[in-house]
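Trainee: Before I rely on a model of this kind, I would like to learn how its individual features are read. Could we go through a few of them together?

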Amino acid sequence: MAVRQVTIEELKGSLPGGRTLIDVREPDEYVVGHISTAVNIPLSTIQDSIEHFRDESEVYLVCRTGNRSLSACEYLHDRDIVNVVNVATGIVGWVASGGTLTQGDQP
């Protein structure tokens, strides 16, 4: 099964619905700027945080450009967690589309 991906516009349409958004970048990257509702679970810790991805609804994963979040989605798919969705162009796409970033270590 291929990993589902969404565009920034699709993501923006989903976030008001209370969807879970997980930023898989490292904490130092997250603190500099993240999407306001995103929780930080770095790619390097995914294997220790699998329970955060087991959800009845879709869980969106984001990183800087969409590559690390795609890797995280593939890793989770290999473990039968298929409700994860990659944000294709990541934070770069978010900012390019006029989205704002929040600084600090909390969503």
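Predicted model: local features only at pLDDT ≥ 70, side-chain atom pairs only at ≥ 80, totals over all residues.

Trainee: Where is His-34 found, and is it buried or exposed?

Mentor: One begins with the position in the chain and then turns to the accessible area. His-34 is found in the loop between α2 (27–32) and β3 (39–40), and with a relative accessible area of 0% this residue is buried.

Trainee: What does the side chain of His-34 reach?

Mentor: The side chain of His-34 reaches the backbone oxygen of Tyr-30, at 2.9 Å, which falls within the 3.5 Å used for a polar contact.

Trainee: How many disulfides does the count come to?

Mentor: A disulfide calls for two cysteine sulfur atoms within 2.5 Å, and by this rule the count comes to zero. For Cys-63 the nearest cysteine sulfur is that of Cys-73, 9.4 Å away, and Cys-63 is in no disulfide; Cys-73, whose nearest cysteine sulfur is in turn that of Cys-63, is likewise in no disulfide. Cys-63 is buried, with a relative accessible area of 1%, and Cys-73 is buried too, at 0%.

Trainee: Which backbone angle of Asp-80 deserves a look, and where does this residue lie?

Mentor: Here one reads phi together with the residue type: Asp-80 has a positive phi of about 65°, although it is not a glycine. Asp-80 lies in the loop between α3 (67–77) and β5 (84–87), where it is exposed, with a relative accessible area of 68%.

Key. Residues numbered from 1 in each chain as written. Heavy atoms only, no water. Helix = DSSP H or I, 4+ residues; strand = E, 2+ residues; numbered from the N terminus. Buried < 20%, exposed > 50% of the residue type's maximum accessible area, 1.4 Å probe, protein only. Polar contact = N/O pair within 3.5 Å; in protein donor to acceptor, adjacent residues only side chain to side chain.
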